[in-house]
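Q: Could you take me on a close tour of one part of this protein, the place where its helices meet, and then show me how that part connects to the rest?

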Amino acid sequence: MGSVQAFFRTLPRRVSADRIAGMNNTYVFDIEGAGTWTVALADGSLTVTDGAGENADCTVSASEETFEKIVAGEQNPTSAYMTGKLKVKGDLGAAMKLQKLF
């Protein structure tokens, strides 16, 4: 398993309920070269499923390399977005809330 897969597999136990309390959003992460995951937040709970779920608030797309750098803190997500390395489709307000996960 690569590190992107491990990130999504372990995400639910690494994010505390108080950090995501009040968040009710669904995100699709389409990571080129690694896979696609749906992350659903529902007022303190977080679930991750393989594949792209329907009705996501936003879709985040990036290369595996860019995503790994963002997760490791080596790449600023805003600058990655501004330079086209990270793409967001849908609700940008929901995308901004993702900072609570990292």
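A: Happy to! Let's begin with glutamate 74, which sits in the loop between α2 and α3 (77–82). With a relative accessibility of 63%, glutamate 74 counts as exposed, because the cut-off for that class is over 50%. Please keep in mind that this is a predicted model. From glutamate 74 to glycine 90 there are 16 residues in sequence, and their C-alpha atoms lie 25 Å apart in space.

Helix α2 covers residues 64–71 and packs with helix α1, residues 3–14, at an angle of about 50°, the two axes being 10 Å apart. That angle makes α1 oblique to α2. The crossing of α1 past α2 is left-handed. On the α1 side, the contact is made by Ser3, Val4, Phe7 and Phe8, while α2 brings Glu64, Phe67, Glu68 and Val71. Sorted by class, this contact of α1 with α2 has five nonpolar residues, two charged ones and one polar one.

Setting aside residues up to four places away in sequence, glutamate 64 touches Val4, Ile31, Glu32, Gly33 and Ala34. Glutamate 64 and isoleucine 31 are 33 residues apart along the chain, yet their C-alpha atoms are separated by 5.6 Å. Threonine 66 also lies in helix α2. Threonine 66 has a relative accessible area of 9%, so this residue is buried. Leaving aside neighbours within four places in sequence, threonine 66 is in contact with Ala80 and Lys85.

Now over to the partner helix. The buried residues of α1 are Val4, Gln5, Phe7, Phe8, Thr10 and Leu11. These buried residues pack against α2 and also against the strands β1 (26–32), β2 (35–42) and β3 (45–50).

In soluble globular proteins, nonpolar side chains tend to be buried together. Here, the largest nonpolar core has 27 residues, and the members touching the most others are Phe8, Tyr27, Phe29, Ile31 and Leu46. At least two residues each come from α1, β1, β2, β4 (58–63), α2, β5 (86–90) and α4 (92–96). Helix α1 gives the most to this core, with four residues.

Finally, have a look at two loops. Most residues other than glycine have a negative phi. Aspartate 43 is not a glycine, but has a positive phi of about 45°. Aspartate 43 is found in the loop between β2 and β3, and at 52% relative accessibility this residue counts as exposed. Asparagine 55 likewise has a positive phi, of about 60°, although it is not a glycine. Its place is the loop between β3 and β4, where asparagine 55 counts as exposed at 72% relative accessibility.

Note on methods. Residues are numbered from 1 along each chain as its sequence is written. This is a predicted model: local features need pLDDT of at least 70, side-chain atom pairs count only at pLDDT 80 or more; totals for chains, interfaces and linings use all residues. Side-chain values use heavy atoms; hydrogens and water are left out. Axes are lines fitted to C-alpha atoms, for helices over the stretch in contact, and angles run from 0 to 180 degrees between N-to-C directions. Angles under 35 degrees count as roughly parallel, over 145 as roughly antiparallel, 65 to 115 as roughly perpendicular and the rest as oblique. A crossing is left-handed if the near helix is turned anticlockwise from the far one by less than a right angle, and right-handed if clockwise. Contact means heavy atoms within 4.5 Å. Ala, Val, Leu, Ile, Met, Phe, Trp, Tyr, Cys and Pro count as nonpolar, Asp, Glu, Lys and Arg as charged, and the others, Gly among them, as polar. Buried means under 20% relative accessible area, exposed over 50%, partly exposed in between (1.4 Å probe, protein chains only). A nonpolar core is a set of buried Ala, Val, Leu, Ile, Met, Phe, Trp, Tyr and Cys residues joined through side-chain atoms within 4.5 Å.
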